Amino acid sequence: MYVVKKIAYNSGGYPNSPTMKIKLVLLCVIFSKITLCQTIADVKKQLDEKDFSQFKQSVEKLKSDHCAPAEGITTREILKGYNEVVTSVVIFIPTPNGKYEGNCEDYQVNLVTKDNLIIKYSLYAKHHNDNYKKFELLKSYSNDTEVKAFQELYEKAFYRKLSMKELFDISITYGEHCGFAGISPEGRDILNKYVTTGNRNKLFYWLTSPSFERKLYAYEGFKALESKGYKLNQKESAIVNYLKNFKGTVRICNGCLYSNAEFSGMIDQLDGKGFGTVLKD
């Protein structure tokens with residue numbers, strides 16, 4: 001607990017001496033830094049506990065009326081019992097001028113969970129500079145034994161090795177003719193090439209990717225090949241049929257609209273040929 005002694009004020013409402021004024025400013029600066037350290041320390045402490053439920057509750061309590069709300073927690077089930085989680089954390093840091101003046105500090109946490117156990121995480125500070133964000137790694141952790149077991153299970157389920165660098169890829173969007181200019185995402189252009197050339201190996205690599213957007217593109221690609229007479233082999237068929245079981249959201253765009261949609265719902269749309277230029281051709 002921090003106790004601030006009473007300060008004598010003159011009739012104008014200011015401390016009676018320049019020295020006391022300086023002390024008051026310094027005290028505000030120190031208190032502001034203590035508040036920041038305690039808040040960041042609390043996030044780190046929760047991460048170190050490796051308990052995802054407790055961490056989630058702690059993050060959800062970090063709200064401020066002075067800052068734009070955080071983007072929330074995004075969870076994707078990469079493998080049965082294993083989730084990829086991305087969450088933003090926004091913290092208001094008051095200045096010595098008053099509790100209504102200050103800065104909003106922006107952070108992001110990427111983590112992998114096995115049931116409720118956090119087996120890998122990275123904590124970043126996000127620095128906003130004009131048109132881009134710079135991520136500064138503040139803290140990271142990896143339970144190598146659990147991560148290795150996760151990778152081995154992934155290889156058995158999807159017939160290929162998984163690099164942990166494939167996780168947390170937020171650069172991909174599923175869609176077509178997006179933005180004011182109506183330009184399709186890069187993934188759409190690559191998909192068209194894969195389908196045109198019948199590149200089943202590349203499509204299968206996307207189908208077994210931890211990226212839900214790539215999975216969706218690949219699913220559409222295999223559906224297009226099927227419509228042209230290609231018969232899926234046993235491995236392809238097994239993965240394609242399993243996709244509806246995946247839980248989580250996918251980033252989509254259609255025209256000027258950018259949003260998140262349930263992955264299984266997008267699979268239903270593709271089955272109905274309601275989305276995707278490849279299937280419409």
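Mentor: A salt bridge here is a side-chain nitrogen of Lys or Arg within 4 Å of a carboxyl oxygen of Asp or Glu. The model is predicted.

Trainee: With which residue does Arg160 form a salt bridge?

Mentor: The limit between nitrogen and oxygen is 4 Å. For Arg160 the closest N and O atoms of the pair are 2.9 Å apart. The partner of Arg160 in this salt bridge is Glu166.

Trainee: Is Arg160 buried or exposed?

Mentor: Buried means a relative accessible area under 20%. Arg160 has a relative accessible area of 9%. Because that value is under the limit, Arg160 is buried.

Trainee: How many residues apart are Asp169 and Arg214?

Mentor: Asp169 and Arg214 form a salt bridge, with the closest N and O atoms 3.5 Å apart. The pair links distant parts of the chain: Asp169 lies in the loop between α3 and β6, and Arg214 in helix α6 (residues 212-227). The separation of the two is 45 residues.

Trainee: How many salt bridges does the count come to?

Mentor: Some salt bridges share partners, and such bridges join Lys223, Lys244, Asp268 and Asp271 into one network. By the 4 Å rule, the count of salt bridges comes to 12.

Trainee: Which strands are at the edges of the open sheet?

Mentor: The open sheet has three strands in the order β6-β7-β8, with mixed pairing. Neighbouring strands of this sheet are turned by 25° against each other on average, direction ignored. An edge strand pairs on one side only, and the strands that do so are β6 and β8.

Trainee: Which residue of β7 is the bridge partner of Cys178?

Mentor: Strands β6 and β7 run parallel and are joined by four bridges. In β7, Ile252 is the bridge partner of Tyr174. The bridge partner of Cys178 in β7 is Gly255.

Trainee: How many of the five residues of β6 are buried?

Mentor: β6 is an edge strand that pairs on one side only. Even so, β6 is largely enclosed by the rest of the structure. The number of its five residues that are buried is four.

Trainee: What angle does helix α8 make with β8?

Mentor: Helix α8 (residues 263-271) packs on the sheet and touches β6, β7 and β8. The direction of α8 makes with that of β8 an angle of about 100°.

Trainee: What distance separates the C-alpha atoms of Tyr258 and Tyr174?

Mentor: Tyr258 and Tyr174 are 84 residues apart along the chain. Their C-alpha atoms are separated by 9.7 Å.

Trainee: At what angle do helix α5 and helix α7 pack?

Mentor: Two packed helices are described by the angle between their axes and the distance between the axes. For α5 (residues 200-207) and α7 (residues 234-242) the axes are 11 Å apart. The crossing of α5 and α7 is left-handed. The packing angle of the pair is about 35°.

Trainee: How many residues of the contact of α5 with α7 are charged?

Mentor: Helix α5 supplies Arg200, Phe204 and Leu207, and α7 supplies Lys235, Glu236, Ile239 and Val240. Four of the contact residues are nonpolar and none is polar. The number of charged residues in the contact is three.

Trainee: How far apart are Val86 and Ile73 in space, C-alpha to C-alpha?

Mentor: Val86 lies in strand β2 (residues 82-95) and is buried, with a relative accessible area of 16%. Its contacts beyond four places in sequence include Ile73, Val109 and Phe168. Val86 and Ile73 are 13 residues apart in sequence, and their C-alpha distance is 5.8 Å.

Terms used: Residues numbered from 1 in each chain as written. Predicted model: local features only at pLDDT ≥ 70, side-chain atom pairs only at ≥ 80, totals over all residues. Heavy atoms only, no water. Axes fitted to C-alpha atoms, helices over the stretch in contact; angles between N-to-C directions. Left-handed = near helix turned anticlockwise from the far one by under 90°. Contact = heavy atoms within 4.5 Å. Nonpolar A, V, L, I, M, F, W, Y, C, P; charged D, E, K, R; others polar. Buried < 20%, exposed > 50% of the residue type's maximum accessible area, 1.4 Å probe, protein only. Pairing = 2+ DSSP bridges.
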